[in-house]
Amino acid sequence: MSQSLHFFTPSSNITLPKHHSSLFTPSLTTSNRRFPVTTKHFTIKSNASSSSSDPKVLTTDNGTAEILSRVSQTPASSTDSSSIEVDSVTEAELKENGFRSTRRTKLVCTIGPATCGFEQLEALAVGGMNVARINMCHGTREWHRRVIERVRRLNEEKGFAVAIMMDTEGSEIHMGDLSGPPSARAEDGEIWTFTVRAFDSPRPERTITVNYDGFAEDVKVGDELLVDGGMVRFEVIEKIGPDVKCRCTDPGLLLPRANLTFWRDGSLVRERNAMLPTISPKDWLDIDFGITEGVDFIAISFVKSAEVINHLKSYIAARSRDSDIAVIAKIESIDSLKNLEEIILASDGAMVARGDLGAQIPLEQVPSAQQKIVQLCRQLNKPVIVASQLLESMIEYPTPTRAERADALMLSGESAMGQFPDKALTVLRSVSLRIEKWWREEKRHEAMELPDVGSSFAESISEEICNSAAKMANNLEVDALFVYTKTGHMASLLSRCRPDCPIFAFTSTTSVRRRLNLRWGLIPFRLSFSDDMESNLNRTFSLLKARGMIKSGDLVIAVSDVLQSIQVMNVP
Ligand SMILES: Nc1ncnc2c1ncn2[C@@H]1O[C@H](COP(=O)(O)OP(=O)(O)O)[C@@H](O)[C@H]1O
Ligand SMILES: C=C(OP(=O)(O)O)C(=O)O
Ligand SMILES: [K+]
Ligand SMILES: [Mg+2]
């Protein structure tokens with residue numbers, strides 16, 4: 001059985017007049033030798049077009065019928081199955097459990113002392129890590145370089161496509177290292193000194209250094225000092241030069257470089273520290289490091305406006321070879337919520353950084369802020385990560401706090417320094433699978449408006465194709481969506497629709513494949529393909545059948561951005 005729908009669009013170098021619709025003459029023809037009733041072939045053809053694509057394949061019903069009969073004749077053994085690259089864990093999962101049970105939600109793991117070794121990284125990759133995050137708040141550049149090297153080696157040697165995300169420190173106020181112990185406990189009533197002094201020799205007991213020079217000037221006696229958004233609380237009792245004496249009012253564990261906020265009369269104090277640049281001088285050096293190392297994502301802490309994102313993007317474009325580093329805006333401050341839409345529009349994705357966000361807005365407002373951010377990202381077709389306190393929030397809810405079908409969930413301390421990083425990942429993975437199954441069984445296809453985000457008519461066509469293909473996939477209960485995509489854009493548009501079936505995304509570039517690993521529901525494959533969809537499908541079917549990843553009779557919908565089309569077919 002085969003059915004196809006093609007949109008024949010002009011190639012991108014042709015500019016369309018504003019009232020483009022008059023240029024297009026839709027024509028509907030129905031003919032198929034084998035299935036005369038059910039096969040429909042729509043052709044929309046532009047008379048302004050001079051596409052290099054093969055019109056024989058595109059626009060004639062006979063041509064289409066020919067393609068599919070040839071697909072069915074291609075012997076699986078005639079192609080080299082090594083010329084398609086896919087994550088070995090996903091491959092095994094597909095073979096063993098079938099399409100439906102593949103996980104759609106992506107998992108990001110922060111790498112720290114508990115997980116920086118090659119075997120530990122491999123265990124995380126086997127456990128489903130899609131993106132490894134390194135947090136420049138901690139560790140040395142040399143340490144991070146070794147982690148990146150190991151992840152790259154893991155990908156090469158073991159067939160993973162784990163992407164690397166570098167997260168900047170930002171210039172918010174935080175404690176320094178604890179000069180020795182990995183953590184310290186502050187007890188109720190104890191007096192601790194917070195200071196901007198630097199110490200050469202061992203520092204006095206119960207003394208914490210602070211990274212922000214203006215700290216002692218900005219705080220006032222009576223202010224409340226919150227460590228990590230309230231994990232530990234102090235009251236400022238005295239200021240002596242660079243030293244600020246505080247009494248612990250809520251005991252807990254102090255971790256190196258923990259975030260500090262101070263509150264006055266129930267409000268967050270934003271004095272001169274609000275003027276600190278989003279990207280500090282040290283962050284710029286870390287960004288240079290990330291560009292040199294060729295990381296896949298750079299996450300920017302405490303983004304306040306779109307301006308800083310635009311600045312960074314042009315900085316990267318001027319320096320990075322292929323300028324293919326995606327910039328992720330961390331939403332973790334009041335300012336970022338105020339300028340949410342412009343920030344997300346400027347970025348290549350966003351992170352709901354609930355750790356710091358929960359320290360800046362009342363905790364009970366975090367879930368609604370999260371819902372708003374996740375929805376907006378989906379509408380604007382940007383990947384979104386929900387981060388921090390995932391497992392904690394599952395004490396009350398079976399899902400990591402209604403993550404609203406975010407693209408990805410992120411582990412922080414659990415994977416960086418916890419005792420059970422693999423277990424934490426397993427929990428997150430099984431929760432993701434369970435909630436995804438529930439969504440499908442409940443047929444909770446959201447009625448969410450997915451507005452047009454494209455700026456050209458060709459992009460609008462891509463969006464319509466993907467929206468329709470995703471809807472068709474749900475209604476026809478197909479086994480998989482296939483998308484052939486050069487830049488990954490068409491794949492992202494399918495992911496945005498959150499269809500019931502997995503999306504096999506074929507792309508010829510390794511870096512695009514790694515980046516697509518952050519997107520909900522996408523199984524990225526590296527495959528070189530041509531402008532000829534006939535041979536692309538031929539090859540893919542053969543390669544995947546040879547690897548046991550699909551079988552004859554599977555129902556597939558294929559879309560492509562090389563020639564904007566939708567095809568519905570059973571694997572021959
Ligand atoms: N590269 C590293 N080196 C040492 N410790 C790390 C590293 N990355 C993370 N950690 C530890 O894991 C904890 C959780 O990580 P994360 O949430 O990314 O940082 P933070 O707590 O600073 O927001 C950190 O507080 C720190 O103790
Ligand atoms: C992810 C977060 O950022 P970081 O761990 O860098 O503080 C957060 O605040 O939730
Ligand atoms: K950070
Ligand atoms: Mg943060």
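Visitor: How many Å apart are the potassium ion (ligand 3) and the magnesium ion (ligand 4)?

Guide: The two ions are 5.5 Å apart. This is a predicted model, in which local features need pLDDT of at least 70 and side-chain atom pairs count only at pLDDT 80 or more, while totals for chains, interfaces and linings use all residues. Residues are numbered from 1 along each chain as its sequence is written, chains are lettered from A and ligands numbered from 1 in the order in which they are written, and side-chain values use heavy atoms, with hydrogens and water left out.

Visitor: Is asparagine 135 buried or exposed?

Guide: A residue is called buried under 20% relative accessible area, exposed over 50% and partly exposed in between, with a 1.4 Å probe and protein chains only. Asparagine 135 has a relative accessible area of 15% and is therefore buried, and threonine 168, with 1%, is buried as well.

Visitor: Which protein donors hold the magnesium ion (ligand 4), and where in the chain do they lie?

Guide: The magnesium ion (ligand 4) has Glu332 (OE) and Asp356 (OD) as its protein donors, lying 1.9 to 2.1 Å from it. The pair links distant parts of the chain, since glutamate 332 sits in the loop between strand E17 (326–331) and helix H9 (334–338) and aspartate 356 in helix H11 (residues 354–360), 24 residues apart. Glutamate 332 counts as buried because its relative accessibility is 1%, and aspartate 356 counts as buried at 17%.

Visitor: How many residues of strand E6 are buried, and which residues lie on its two sides?

Guide: In a regular strand the side chains alternate between the two faces of the sheet. Strand E6 (residues 163–167) is mostly covered, with 5 of its 5 residues buried: Ala163, Met165 and Asp167 lie on one side, and Ile164 and Met166 on the other.

Visitor: Which strand pairs with E6 over 5 bridges, and which over 3 bridges?

Guide: Two strands pair if DSSP finds at least two bridges between them. Strand E5 (residues 131–135) pairs with E6 in the parallel sense over 5 bridges, with valine 131 opposite alanine 163. From E5 the chain crosses through helix H5 (residues 141–158) to E6 in a right-handed β-α-β crossover, right-handed being the case in which, with the strands pointing away from the viewer, the path from the first strand over the helix to the second runs clockwise. E6 also pairs in the parallel sense with strand E16 (residues 297–300), over 3 bridges, and there methionine 165 has phenylalanine 297 as its bridge partner.

Visitor: What is the order of the strands that close into a barrel?

Guide: The 8 strands follow the order E4-E5-E6-E16-E17-E18-E19-E20, with parallel pairing. Neighbouring strands of this sheet are turned by 25° against each other on average, direction ignored. Strand E4 (residues 106–110) runs parallel to strand E20 (residues 408–411), to which 4 bridges join it, and cysteine 109 has leucine 411 as its bridge partner.

Visitor: Which strands stand at the edges of the open sheet, each with a single partner strand?

Guide: The open sheet has 7 strands in the order E9-E8-E12-E11-E10-E14-E15, with mixed pairing. Strand E9 (207–209) and strand E15 (267–268) stand at its edges, so one side of each is left without a neighbour in the sheet. Elsewhere in the sheet, strand E8 (residues 191–195) and strand E12 (residues 243–250) run antiparallel and are joined by 5 bridges, with threonine 195 opposite aspartate 243.

Visitor: At what angle do the axes of helix H7 and helix H8 cross?

Guide: Axes are lines fitted to C-alpha atoms, for helices over the stretch in contact, and angles run from 0 to 180 degrees between N-to-C directions. The axes of H7 (residues 281–293) and H8 (residues 306–319) come within 11 Å and cross at roughly 40°.

Technical notes
Donors are N, O and S atoms within 2.8 Å of the metal (3.2 Å for Na, K and Ca); water is not among the atoms, so sites may look incomplete.
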